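Student: Could we go through this model together and check what each label rests on?
Tutor: Gladly; bring your questions and we will set each value against its definition.

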Amino acid sequence: MSARPHIVLRDADREDASALIALWSECAGASQDEGSEAFTQQALWREPGVVEAAAALDLSLSRPDKRIIVAIVDGEIVGATVCDVSTLTPINLTRILIVTEIQVSPRFRRKSVAMTLLSAAATYGEEHNCEIVVAAIPVHSREPHRYLTKIGFNQIAVLRAIQASKLRSRLTTKATNSRDTGKLIAVRRTLRRRQGHLRSVRPGRAPAVGADD
């Protein structure tokens, strides 16, 4: 049995963009070995560029109740998780901690990285008087599911996802009872958004306002 590595935790910052892209990509690639359904789910993962990732980190870290914790071994980011403080429902003040994106490099699994990250998340939740901890992970990620079940997490909800353009097309189809009409309207919306974007970035012109209206 290999010795457990020395794990250092800290908050993420925009300078971690490149390392976090590498971590997410490594984890996404490893999940392809967990079956065709897991591979299908990875279609939701799109590898960003460093500039985009840095901007996304800035956006996330600007929120006062959000925290991104990274785990470091020998100077390398080998794990990360995201913590959000919220309420159980929009109409009561029962505080909950939502833990998402529990990412651990496949090279460092079963080495207490996830446990160390979750321990830090639990402490963060306690500091914000959270009564419940909710962990959201991909449905076909078997290893994280087994681990969370082992330490006492129960399933309380199911998350489902669809591309926004497909959702609009399906809803329009239902409303008009015409599949072709729904697809046509969805295509037109997409083209309008693209044309508005092109006008907004054309040199010498001010950004377009209301292009999607």
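Student: Why is Arg10 called partly exposed?
Tutor: Arg10 has a relative accessibility of 31%. Buried means under 20% relative accessible area, exposed means over 50%, and partly exposed lies in between (1.4 Å probe, protein chains only). Arg10 therefore counts as partly exposed. Before we go on, a word on the basis: this is a predicted model, in which local features need pLDDT of at least 70 and side-chain atom pairs count only at pLDDT 80 or more, while totals for chains, interfaces and linings use all residues. Residues are numbered from 1 along each chain as its sequence is written, and side-chain values use heavy atoms, with hydrogens and water left out.

Student: What makes the pair Arg10 and Asp16 a salt bridge?
Tutor: The N to O distance between their side chains is 2.8 Å. Asp16 is buried, at a relative accessible area of 6%. The whole structure holds eight salt bridges.

Student: Which parts of the chain does the pair Asp84 and Arg63 link?
Tutor: Asp84 is in strand β3 and Arg63 in the loop between α3 (50-61) and β2, 21 residues apart. Helices (H or I, at least four residues) and strands (E, at least two) are DSSP runs, numbered from the N terminus. The side chains of Asp84 and Arg63 meet at 3.1 Å, N to O. Asp84 counts as buried because its relative accessible area is 12%, whereas Arg63, at 42%, is partly exposed.

Student: How do you know that Arg107 and Glu76 form a salt bridge?
Tutor: Their closest N and O atoms are 2.5 Å apart. Arg107 lies in the loop between β4 and α4, and Glu76 in strand β3, 31 residues away. Arg107 is partly exposed at 43%, and Glu76 is partly exposed at 32%. A network of salt bridges links Glu26, Glu76 and Arg107.

Student: What makes a set of residues a nonpolar core?
Tutor: The residues must be buried Ala, Val, Leu, Ile, Met, Phe, Trp, Tyr or Cys, joined through side-chain atoms within 4.5 Å. The largest such core here has 21 residues, and Cys83, Leu97, Val99, Val113 and Leu117 have the most contacts inside it. Two or more residues come from each of β2 (66-73), β3 (76-87), β4 (95-104) and α4 (113-127). The largest share, six residues, is from α4. A second, separate core has 16 residues, including Ala12, Leu20, Leu23 and Cys27.

Student: How do you know that the length of α6 agrees with a helix?
Tutor: The expected span is 1.5 Å times one less than the number of residues. For the 13 residues of α6 (residues 164-176) that gives 18 Å, and the end C-alpha atoms are 18 Å apart, so the two agree.

Student: Why are the buried residues of α6 said to line one face?
Tutor: Ser169, Thr172 and Thr173 are buried in α6. Seen down the axis, the buried residues fall within an arc of 105° (taken from the directions from the helix axis to the C-beta atoms), so they line one face. On the other side, Ala164, Arg170, Lys174 and Ala175 are exposed.

Student: What is the mean pLDDT of the chain?
Tutor: The mean is 83, and 79% of the residues reach 70 or more; pLDDT is the predictor's confidence in each residue, from 0 to 100. Over residues 36-40 it stays under 50.

Definitions and conventions:
Contact = heavy atoms within 4.5 Å. Salt bridge = Lys/Arg side-chain N within 4 Å of Asp/Glu carboxyl O.
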